[in-house]
Amino acid sequence: MKLDPTTEARVLALATHIDGKPVQMPDTRPVAERVSEADFQAAVIELAKANGWKHFHVYNSRKSVAGWPDLVLVRGPTLLFMELKSHDGVVEADQQNWIEALTAAGQAVYIVRPRDWMQIEAMLK
């Protein structure tokens, strides 16, 4: 039996198995919503290095004070702190406390997400 294209699309959208095999639907979310925090961090570090920034990241935070920002970036007289979050990542209380303390000390602290890429590029130029 041949289905019309609209009905076929509806059936396929509801199908969980075809020919006994699980259906793998493509991830249609925008790229910024699919990027992991680790991949995002790697991209920010690569961009920073390409633009002459030195960076510091605590690689084993289990033995460090909770909440310290993900990246510290330095170029010339400019010092930036960045807390990186995935699309739906949440700033935890310890992180917010550090952000507030660093801001009160006159430091530039940014909470950034993959959707902020254009602003990050401009900031790190």
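Visitor: In β6, what is the bridge partner of M82?
Guide: In this predicted model, M82 has Y110 as its bridge partner in β6.

Visitor: And in which sense do β5 and β6 pair, parallel or antiparallel?
Guide: The pairing of β5 with β6 is parallel, and it runs over 5 bridges.

Visitor: What about β4 and β5, how many bridges join them?
Guide: There are 5 bridges between β4 and β5, and these two strands run antiparallel. They form a hairpin that leaves 2 residues between the strands, and G76, which lies in the turn, has a positive phi of about 60 degrees. R75 finds its bridge partner in β5, namely T78.

Visitor: How is β3 joined to β4?
Guide: By 3 bridges, with the two strands running antiparallel; within β4, V74 is the residue that stands opposite K54.

Visitor: Is β5 mostly covered or mostly exposed?
Guide: Mostly covered, since 5 of the 7 residues in β5 are buried.

Visitor: Switching to the core: which residues have the most contacts inside the largest nonpolar one?
Guide: That core has 14 residues, and those with the most contacts inside it are V44, L73, M82, L84, I120 and L124. Two or more residues each come from α3 (37-50), β4 (71-75), β5 (78-84) and α5 (117-124), with α3 giving the largest share, 5 residues.

Visitor: What does V44 touch, leaving out residues up to four places away in sequence?
Guide: On that count, V44 touches L71, M82, L84, W117, I120 and L124. There is also a second, separate core of 5 residues, which includes V72, F81, I99 and L102. As general background, nonpolar side chains in soluble globular proteins tend to be buried together.

Visitor: How many salt bridges does a search of the whole structure find?
Guide: The search finds 1 salt bridge. It is formed by K85 with E83, whose closest N and O atoms are 3.7 Å apart, and both K85 and E83 are buried.

Visitor: And E33, where is its place?
Guide: E33 is in helix α2, which covers residues 31-34. E33 counts as partly exposed because its relative accessible area is 30%, which falls between the 20% limit for buried and the 50% limit for exposed. Although E33 and H87 are 54 residues apart along the chain, their C-alpha atoms are separated by 5.0 Å.

Visitor: Last topic, the chain overall: what pattern does it follow?
Guide: Read along the sequence, the pattern is α-β-β-α-α-β-β-β-α-β-α, which comes to 5 helices and 6 strands. Of the chain's 125 residues, 26% count as buried, and among contacts between residues at least 6 apart in sequence, 58% join residues at least 24 apart. The protein chain exposes about 8800 Å², of which carbon and sulfur atoms supply 57%.

Notes. Residues numbered from 1 in each chain as written. Predicted model: local features only at pLDDT ≥ 70, side-chain atom pairs only at ≥ 80, totals over all residues. Heavy atoms only, no water. Core = buried A, V, L, I, M, F, W, Y, C linked by side-chain atoms within 4.5 Å. Buried < 20%, exposed > 50% of the residue type's maximum accessible area, 1.4 Å probe, protein only. Helix = DSSP H or I, 4+ residues; strand = E, 2+ residues; numbered from the N terminus. Contact = heavy atoms within 4.5 Å. Pairing = 2+ DSSP bridges. Areas by Shrake-Rupley, 256 points an atom, 1.4 Å probe, with all protein chains shown as cover. Salt bridge = Lys/Arg side-chain N within 4 Å of Asp/Glu carboxyl O.
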